[in-house]
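Morning, everyone. Let me put the structure up, and then we will walk through it.

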Amino acid sequence: MEQEAYILGRNFSANARLNLQYFLWKDGGFSLHPSIPANTENLRVAEIGVGTGIWLVDLARYLPPSAHIDGFDIDLSQCSPREWLPPNVSLHKVDCVAPLPEHLLEQYDIVHIQLFHLAVHNNDPAPIIQNLVKLLKPGGWISWGEMDYSSWKIMRTEAGKDVEDNLTPLLGTIGTLGGTRPNWTADDWPIRLPDSFKKYGLTNIATNNRPFPLELFLFQLDTALMACEEVSYKALDPMRNGSGDQCRALISGVHQNRQKLAYNVGRLTVVGQRPFK
Ligand SMILES: C[S@@+](CC[C@H](N)C(=O)[O-])C[C@H]1O[C@@H](n2cnc3c(N)ncnc32)[C@H](O)[C@@H]1O
């Protein structure tokens, strides 16, 4: 995947936004799905698409110190420098959609991937799943976390029952990149992940889908608006067709009614295990 295809930002606000999103995601839940055993010695863990590396740092705090935790991304500029990472965490520049380096194959007990939707094309995660399964040792586990837009729902307070909904058109603008592509937020591959995992030989599949609680709606909304603004500058403005300005006008409209209208969406995690034989 070419780096310029990444439509979100990589500056300090984007870093802070990703980190906040991470903590909102795991709030009331988990860093690692509880059905994945993580207390064995010399565990080898990989994360695909690390962003700022927040998951790696979080996980290193409660895995046994003998665990080796590797992070892979096409761009590591959002991560901490080597000296400021836990000693058992290392980062590698790897394109996880391309064929993977031979020395990584069958090396991992756990492979974690989260918020990777933008790198999934044609509503089809199969090429990525097939690639990631190759990283697993026999008996190893994969965990994929993704926003479940199929459960996306506008939420209104009593005072907001008649206010204009700018969120739905905003989601459409971002999802279609200003009307230039099919709407990726309409993709149904995340909720089909259990079937896809089964198709590629994984067993012990478990799903966890948690909507946000009321008290987190606004915090989640703020991070979503930040992400939309990043896309408006980075991907829509270069089209020079006014879609960036239209997007920012919708963001402003949503913000004006921030305490009256928001949305909910599922935090979906699907895990599966490579059979021992
Ligand atoms: C939206 S961020 C999510 C980061 C992190 N997983 C999180 O939940 O905070 C997606 C990350 O995937 C990375 N990425 C995109 N395509 C990739 C690819 N083909 N191989 C590896 N990483 C990729 C991006 O560079 C970006 O850092």
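Start at asparagine 204, which is found in strand E6. This is a predicted model, by the way, so please keep that in mind throughout. Phi of asparagine 204 is near 50°, a positive value in a residue other than glycine. Most residues other than glycine have a negative phi. Is asparagine 204 buried, exposed or partly exposed? It has 13 other C-beta atoms within 10 Å, so it is partly exposed.

Now the sheet. Seven strands form an open sheet with mixed pairing. The order reads E3-E2-E1-E4-E5-E7-E6. Which strands are at the edges? They are E3, residues 89-93, and E6, and each pairs on one side only. From one strand to the next, the twist averages 20°.

Helix H3, residues 126-133, touches E1 (44-48), E4 (108-114) and E5. The direction of H3 makes about 150° with that of E5. Within H3 we have isoleucine 129. Isoleucine 129 counts 23 other C-beta atoms within 10 Å, and 20 or more is the cut-off, so it is buried. What does isoleucine 129 touch, beyond residues up to four places away in sequence? Its contacts there are Ser196, Phe197 and Tyr200.

Why call E7 largely enclosed? Because 11 of its 13 residues are buried, the rest of the structure largely encloses it. Take E5 to begin with, residues 136-156. E5 and E7 run antiparallel, and 12 bridges join them. Aspartate 148 has glycine 266 in E7 as its bridge partner. Isoleucine 154 has tyrosine 263 of E7 as its bridge partner. Then E6, residues 203-211. Seven bridges join E6 to E7, and these strands run antiparallel. Here asparagine 209 stands opposite leucine 268 in E7. As background, strands of a sheet pair through backbone hydrogen bonds, either parallel or antiparallel.

On to the helices. H4 spans residues 167-175. Which residues of H4 are buried? They are Leu167, Leu170, Leu171, Thr173 and Ile174. These residues cover an arc of only 160° around the axis, which puts them on the same side of H4. What covers them? The cover includes E5, helix H6 (217-236), helix H7 (243-256) and E7. Leucine 177 follows H4, and its phi is positive, near 50°.

Two helix pairs deserve a slide each. Two packed helices are described by the angle between their axes and the distance between the axes.

Pair one is H4 with H7. Their axes come within 9 Å and cross at roughly 150°. Over 145 counts as roughly antiparallel, so H4 and H7 are roughly antiparallel to each other. The crossing is left-handed. On the H4 side, Leu167, Pro169, Leu170 and Thr173 make the contact. On the H7 side, the residues are Ser243, Gln246, Cys247, Leu250, Ile251 and Val254.

Pair two is H6 with H7. H6 and H7 pack at an angle of about 170°, with axes 9 Å apart. H6 and H7 are therefore also roughly antiparallel to each other. This crossing is left-handed too. H6 brings Leu225, Cys228, Glu229, Ser232, Tyr233 and Leu236. H7 answers with Ser243, Gly244, Cys247, Arg248, Ile251, Val254 and His255. Note Ser243, Cys247, Ile251 and Val254 of H7: they meet H6, and they are also in the contact with H4.

One last residue. Where is glutamate 106? Glutamate 106 sits in the loop between E3 and E4. Its phi is positive, about 60°, although it is not a glycine. Is glutamate 106 buried or exposed? It has 12 other C-beta atoms within 10 Å, and 12 or fewer counts as exposed, so glutamate 106 is exposed.

That is the tour. Questions, please.

Terms used: Residues are numbered from 1 along each chain as its sequence is written. This is a predicted model: local features need pLDDT of at least 70, side-chain atom pairs count only at pLDDT 80 or more; totals for chains, interfaces and linings use all residues. Helices (H or I, at least four residues) and strands (E, at least two) are DSSP runs, numbered from the N terminus. Two strands pair if DSSP finds at least two bridges between them. The arc is that of the directions from the helix axis to the C-beta atoms. Two residues are in contact if their C-beta atoms, placed from the backbone, lie within 7 Å. Axes are lines fitted to C-alpha atoms, for helices over the stretch in contact, and angles run from 0 to 180 degrees between N-to-C directions. Angles under 35 degrees count as roughly parallel, over 145 as roughly antiparallel, 65 to 115 as roughly perpendicular and the rest as oblique. A crossing is left-handed if the near helix is turned anticlockwise from the far one by less than a right angle, and right-handed if clockwise.
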